[in-house]
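Subject: Structure handover

Hello,

Here is the structure I said I would pass on.

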Amino acid sequence: MTRKLGIAVIGLGPAALPHSRSLVDLAGRVAVRHVVSRSQERLDAYRAQFPFPGTTDIDAVLADEAVEAVIVLTPPASHRDVGARCLAAGKHVLVEKPLELTVARGEELVAAARRTGKAFGVVLQHRFRPASLRLKAALDGGELGSVEAGLLQVPWWRPQSYYDEPGRGTMARDGGGVLLTQAIHSFDLFRSLVGVSRVVAAQVRTTSLHRMETEDYVGALLEAGNGAPVTLVTTTAAHPGHPERIEIIGSKGHAALVGGRLQLSFLDGRSEVVEAEGNTGSGANIMDFPHDAHRAVIADFLDAIEAGRDPVVTGEEALTSQRWIDAILAAGRHQD
């Protein structure tokens with residue numbers, strides 16, 4: 001029988017739900033030693049759903065030699081400090097997106113991970129959807145030919161009640177608005193598929209639909225890695241919320257990835273569809289999506305630990321996406 005890896009989960013906000021469901025599925029590979037929250041009330045509510053041991057004592061968890069890896073699900077502003085503590089305690093670390101509030105803070109955490117030699121990954125799970133993997137294979141294999149143009153749209157919806165939660169939509173807690181907090185998944189996937197080489201122009205706004213510090217609308221003209229034109233529009237003001245959309249125009253065909261559904265249409269008449277696993281959390285119910293991709297992220301993290309390799313989404317990869325997000329936002333604010 002394969003030895004189970006001892007794991008702990010720190011932070012029991014909304015993101016804990018798909019991770020916990022994934023850990024239940026992966027019970028043959030992991031033993032959840034602890035789940036940690038500063039709130040006893042939140043811990044009690046969580047343990048009514050999941051059978052994992054709970055505690056408010058993070059020091060005891062990090063001192064537990066049976067804990068070999070930690071999934072960090074705390075707010076972005078805490079990732080550097082919590083992640084660094086886990087690494088210093090000799091644990092492998094998987095951290096939720098975004099990596100940190102700022103690139104500089106993220107760089108400190110990634111450097112700490114490299115110094116320890118422990119596996120360090122970031123939860124950008126859209127790369128692991130079956131449709132995303134098929135699109136990547138089609139691009140890498142030349143099936144679509146050269147990339148001629150691209151489109152990235154994230155027309156999501158968040159009600160004002162979402163931003164009324166303490167800290168939501170603030171720089172101090174989230175580090176940014178729609179592009180860093182919601183659309184980062186689609187942007188990271190798009191960048192991993194075709195690259196980004198330049199920000200041509202951008203617009204950054206907070207619409208009248210929301211009262212919040214950070215932006216709820218970003219539009220941009222970009223260039224893909226090969227210089228092809230790319231149009232980006234992301235928002236959380238598009239009621240009632242619609243699936244994110246990636247389109248790639250190739251010299252041999254067209255790809256439309258809508259939510260988790262992929263349609264490939266080739267110039268020679270062939271076509272192919274990869275159906276979606278479910279919804280994508282584009283509306284008011286932010287957790288309205290299946291946990292399959294999260295399970296795949298965690299499984300890759302476990303594989304990386306066992307093989308002594310990096311996870312698919314490294315800290316450096318997450319930093320690259322965050323640097324481009326910063327560049328888009330800076331271009332939009334400069335135009336103001």
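The notes below go from the whole chain to the sheet, then to helices, loops and single residues.

This is a predicted model, in which local features need pLDDT of at least 70 and side-chain atom pairs count only at pLDDT 80 or more, while totals for chains, interfaces and linings use all residues. Residues are numbered from 1 along each chain as its sequence is written, and side-chain values use heavy atoms, with hydrogens and water left out.

Overall

The protein has 12 helices and 14 strands; helices (H or I, at least four residues) and strands (E, at least two) are DSSP runs, numbered from the N terminus. Its radius of gyration is 20 Å, close to the 20 Å that the globule rule gives for 336 residues, so the protein is as compact as a globular protein of that length. That radius is taken over C-alpha atoms, and the globule rule is 2.2 Å times the number of residues to the power 0.38. Along the principal axes, the C-alpha atoms fill a box of roughly 55 × 50 × 35 Å.

Of the 336 residues, 55% count as buried (buried is under 20% relative accessible area, exposed over 50%, partly exposed in between, with a 1.4 Å probe and protein chains only). Among contacts with a separation of 6 or more, 70% come from residues 24 or more positions apart; a contact means heavy atoms within 4.5 Å.

The parallel sheet

Six strands make an open sheet with parallel pairing, in the order β3-β2-β1-β4-β5-β6. The edges are β3 (54-55) and β6 (120-123), each with a single partner strand, so one side of each has no neighbour in the sheet. Two strands pair if DSSP finds at least two bridges between them.

Six bridges join β1 (residues 5-10) to β2 (residues 30-36) in the parallel sense, and Val9 has Val35 in β2 as its bridge partner. β5 and β6 are also parallel, over four bridges, with Val93 partnered by Phe120 in β6.

In a regular strand the side chains alternate between the two faces of the sheet. In β6 both faces are covered: Phe120 and Val122 are buried on one side, Gly121 and Val123 on the other.

A hairpin

β13 (residues 261-266) and β14 (residues 271-274) pair in the antiparallel sense over four bridges. Leu262 is opposite Val274 in β14. The two strands form a hairpin with four residues between them, and Gly269 in the turn has a positive phi of about 100 degrees.

Helices

Helix α4 (residues 79-88) has His79, Arg80, Val82, Gly83, Cys86 and Leu87 as its buried residues. They pack against β1, α3 (58-63), β4 (69-72), β5 (92-96) and α5 (103-116). After α4 comes Gly90, with a positive phi near 85 degrees.

Helices α1 (residues 16-25) and α11 (residues 292-307) have axes that come within 8 Å and cross at roughly 65 degrees. Axes are lines fitted to C-alpha atoms, for helices over the stretch in contact, and angles run from 0 to 180 degrees between N-to-C directions. On the α1 side the contact is made by Pro18, His19, Ser22, Leu23 and Asp25, which meet His294, Arg295 and Ile298 in α11. By class, this contact has three nonpolar, three polar and two charged residues (Ala, Val, Leu, Ile, Met, Phe, Trp, Tyr, Cys and Pro count as nonpolar, Asp, Glu, Lys and Arg as charged, and the others, Gly among them, as polar).

Cis peptide bonds

The bond from Lys97 to Pro98 is cis, with omega near -20 degrees, and Pro98 is in the loop between β5 and α5. His239 and Pro240 are also joined by a cis bond, with omega about 0 degrees; Pro240 is in the loop between β10 (229-235) and β11 (245-250).

Two single residues

Ser132 lies in helix α6 (residues 130-140) and is buried, at a relative accessible area of 2%. Not counting residues up to four places away in sequence, Ser132 touches His126, Arg127, Leu189, Leu193 and Leu257.

Arg3 sits in the segment before β1 and is exposed, at a relative accessible area of 56%. With the same exclusion of residues up to four places away in sequence, Arg3 touches Arg29 and Glu68. The C-alpha atoms of Arg3 and Ala31, 28 residues apart along the chain, are separated by 9.5 Å.

Regards
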